[in-house]
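This report walks through one structure, from its packing to its metal sites. Please keep the sequence and the 3D view at hand.

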Amino acid sequence: MAPTIPPRLPLLIHARLVLPDRVLPEGWLLVEEGRVAALGTRIRKPKAAVVIEAPGKYLAPGFIDLHVHGGAGADYMDGTPEAVRTANRAHLRHGTTTIFPTTTTGAPAEIARMLTACGAVRESWTPADGARIGGVHLYGPYFAEDKVGCHSKAGRRAPEVAEYQQYLRSGLVKIATCAAELPGAEKFYRAARAAGCLVTCGHSNASWTEMARAFAAGMRHVDHFWCAMSSVPSLRARWGTPMQGSMEQFVLAEPEMSTEVIADGEHLAPELLRFAWKMKGASRLCLVTDANRALDCPPGRYRFGPQESGEWFESNGRVGLVPGVGLASSIRALDHMVRTMVRAGVPLEEAVRMASLTPAERVGLGAEVGSLEKGKRADLVLLDERLQVRQVWVDGAAVSLKAARRSGLGKQVLGEAERD
Ligand SMILES: [Zn+2]
Ligand SMILES: [Zn+2]
């Protein structure tokens, strides 16, 4: 996947520009030295060495995925640089230019190996390696016992200071999840906050009171809204009456809290996607993929987490499933999530914002990426009228959308990124 346009040549793209608050119908954007040098409308368009005419198509900022486990046959927990690159290349073909590889539950050595692999890829990164790693999402293993979902139960535990300090010291972890009711959760949140992480509560049966304590310790986000989280009935089962506020009410009531939806159309019905967007607004709701290794792979059986020890699940070609248990994360990338939100009635600029600027702001990258703005990295996606990805640029370099045929990483990868 070699870049086809050198990033140093001035590049001018004519298209509809998707800004955070509106779409400029006849816009242009100039790239110089890998950054957005200028942008505007039809009048006074500058000259450039490379000109791309894309009338009617949408030029959007590259997508940013805060919660993603793998793709194209690879799970980040496979723990090799090759697996990390394979997944990152698959997501880049779908328009994701900044990615946060996400751990599952697992043994400390498996999590450490995943961090080492991501660190190695980040160190020597070029656009040929796929989406740029913004940081690692330390997601498992600190989940509530009754909310493990499709993750391995054996790899779950309460936070242990010596263990997580080792991960945080790597400097790679930028998002840190823990269930708020676990012993040691507040200490974990404070340590993760001090390390500059977006601190999040997930796979949890936390009550309002536990969420309020977590908030005081720096927690500001909840993973995949409505999935593996507490509700009023689940807390009634835990504590009896009077019925209590859950994670759901806390997120909706507290303006500083953000959350995310798996907008694949399989996890949440359109009315729930619309509801989450209306309640939190585009500046506090992120689209995530939560994609597993079955992205761009044929239906079949795969492992969620490490290739040797992960839990088996099935992909039916639309979503991951553990038969008899429930959903096992998505097999879609962020371009699909944007299309699903638009189909659910969300304006395009807000759907794109939730897949770019909002996640960038939540992890402190808002000045660098996430919108078409002068000075930001020229990480760009060109979408056609049906919102299918037609071209992707990273640092102004165009990348090939063709997938190399691979074997040895789970199932054979399909020829090209899925089109729907
Ligand atoms: Zn999860
Ligand atoms: Zn996940």
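Start with Leu 287. Leaving aside residues up to four places away in sequence, Leu 287 touches Ile 64, Val 261, Ala 263, Leu 334, Met 337, Val 338, Met 341, Ala 351, Met 354 and Ala 355. The model is a predicted one.

**Nonpolar cores**

Leu 287 belongs to the largest nonpolar core, which has 83 residues. Leu 287 is among the members that touch the most others, together with Tyr 189, Met 211, Met 219, Val 222, Val 261 and Met 341. Which helix gives the most to this core? Helix H2, residues 108-123, does, with six residues. Domain 1 (11-61 + 372-399) and domain 2 (63-362) each supply at least three residues to the core. A second core is separate and holds 18 residues, including Ala 15, Leu 17, Leu 29 and Leu 382.

**Metal sites**

Two zinc ions, ligand 1 and ligand 2, are 3.4 Å apart.

| Ion | Donors | Distance | Spacing in sequence |
|---|---|---|---|
| Zinc ion (ligand 1) | Tyr 139 (OH), His 203 (NE2), His 224 (NE2) | 2.0 to 2.1 Å | Y-x63-H-x20-H |
| Zinc ion (ligand 2) | His 67 (NE2), His 69 (NE2), Asp 290 (OD) | 2.1 Å | H-x1-H-x220-D |

Take the zinc ion (ligand 1), coordinated by Tyr 139 and His 203 among its donors. Tyr 139 and His 203 link distant parts of the chain, 64 residues apart. Tyr 139 is in the loop between strand E10 (136-138) and helix H3 (161-169). His 203 is in the loop between strand E12 (198-201) and helix H5 (208-216). Tyr 139 is buried, at 0% relative accessibility. His 203 is buried too, with a relative accessible area of 4%.

Are His 69 and Asp 290 buried or exposed? Both are buried.

**Aromatic pairs**

The structure holds 11 aromatic pairs. One of them joins Tyr 142 and Tyr 164, edge-to-face, at 6.3 Å centre to centre and 75 degrees between the planes. Tyr 142 sits in the loop between E10 and H3 and Tyr 164 in helix H3, so the pair ties together parts 22 residues apart in sequence. Tyr 142 is buried, at 0% relative accessible area. Tyr 164 also counts as buried, at 1%.

Why is the pair of Trp 226 and Phe 275 called tilted? The ring centres are 5.9 Å apart and the planes are at 40 degrees, so the pair is tilted. Trp 226 lies in the loop between strand E13 (221-222) and helix H6 (232-239), while Phe 275 lies in helix H8 (residues 270-280), so parts 49 residues apart in sequence are tied together. Trp 226 is partly exposed, at 22% relative accessibility. Phe 275 is partly exposed as well, at 34%.

Ring pairs also link Tyr 142, Tyr 164, Phe 188 and Tyr 189 into a cluster. Tyr 189 is one of the core members named above.

**Charges over rings**

Arg 220 places its charged end over the ring of Phe 215, 3.8 Å from the ring's centre. Arg 301 lies over the face of Trp 312, at 4.4 Å from the ring centre.

Key: Residues are numbered from 1 along each chain as its sequence is written. Chains are lettered from A and ligands numbered from 1 in the order in which they are written. This is a predicted model: local features need pLDDT of at least 70, side-chain atom pairs count only at pLDDT 80 or more; totals for chains, interfaces and linings use all residues. Side-chain values use heavy atoms; hydrogens and water are left out. Donors are N, O and S atoms within 2.8 Å of the metal (3.2 Å for Na, K and Ca); water is not among the atoms, so sites may look incomplete. Helices (H or I, at least four residues) and strands (E, at least two) are DSSP runs, numbered from the N terminus. Buried means under 20% relative accessible area, exposed over 50%, partly exposed in between (1.4 Å probe, protein chains only). A nonpolar core is a set of buried Ala, Val, Leu, Ile, Met, Phe, Trp, Tyr and Cys residues joined through side-chain atoms within 4.5 Å. Domain bounds come from an automatic or database domain assignment. Contact means heavy atoms within 4.5 Å. Rings of Phe, Tyr and Trp (its six-membered ring) pair if their centres lie within 6.5 Å; planes under 30 degrees apart count as stacked, over 60 as edge-to-face and the rest as tilted. A charge sits over a ring if NZ of Lys or CZ of Arg is within 6 Å of the ring centre and within 35 degrees of the ring normal.
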